Amino acid sequence: MQISKLLTYSFAKNVGAKDRVFRMVSGLPLAIIPWMIGFPLGICIVLSIGGIAWFGTGVVSRCGAYYIFGHSTRKRAR
């Protein structure tokens, strides 16, 4: 693992198709629903940041935690 790749998000894509869809479908509600329900401001902010980050990992097909642990849900080309 190279820290420079992690910081610049230049490592190989490691989020597969099903994982991407799940992240995008669940990330936006995680960011929006707490505001609609009326959670306290601090909780809304934390959940919104997490939801947007979760959604973003789906959009770019790269997950820093997967990279750190050497995991991937993406199928390898044959």
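Residues 24 or more positions apart supply 74% of the chain's contacts with a separation of 6 or more, a contact being heavy atoms within 4.5 Å. The model is a predicted one, in which local features need pLDDT of at least 70 and side-chain atom pairs count only at pLDDT 80 or more, while totals for chains, interfaces and linings use all residues. Residues are numbered from 1 along each chain as its sequence is written, and side-chain values use heavy atoms, with hydrogens and water left out.

The chain holds four helices and zero strands, in the order α-α-α-α from the N terminus on. These elements are DSSP runs numbered from the N terminus (helices: H or I, at least four residues; strands: E, at least two). Along the principal axes, the C-alpha atoms fill a box of roughly 50 × 25 × 15 Å. Of the 78 residues in the chain, 26% are buried; here buried means under 20% relative accessible area, exposed over 50%, and partly exposed in between, with a 1.4 Å probe and protein chains only. The accessible surface comes to about 5,600 Å², and carbon and sulfur atoms own 70% of that area. These areas follow the Shrake-Rupley method with a 1.4 Å probe, and for residues only the protein chains shown count as cover.

A nonpolar patch lies on this surface, formed by Leu28, Ile32, Ile33, Met36, Ile37, Phe39 and Ile43, with about 660 Å² of accessible area together. Like charges are joined within 9 Å, and nonpolar side chains (Val, Leu, Ile, Met, Phe, Trp, Tyr) within 5 Å. Helix α2, residues 17-37, gives the most to the patch, with five residues. Methionine 36 belongs to helix α2 and counts as exposed because its relative accessibility is 66%.

Next comes helix α3. Its 20 residues should span 28 Å at 1.5 Å a residue, and the end C-alpha atoms are 28 Å apart, which agrees; the expected span is 1.5 Å times one less than the number of residues. Cys44, Ser48, Gly51, Thr57 and Gly58 are buried in α3, and α2 is included in what covers the buried residues of this helix.

Serine 61 follows α3, in the loop between α3 (41-60) and α4 (64-69). Its phi is near 60 degrees, a positive value in a residue other than glycine. Serine 61 counts as buried because its relative accessibility is 3%.

Note on methods: Patches are made of residues with over 30% relative accessible area and no salt bridge: like charges are joined within 9 Å, nonpolar side chains (Val, Leu, Ile, Met, Phe, Trp, Tyr) within 5 Å. A salt bridge is a side-chain nitrogen of Lys or Arg within 4 Å of a carboxyl oxygen of Asp or Glu.
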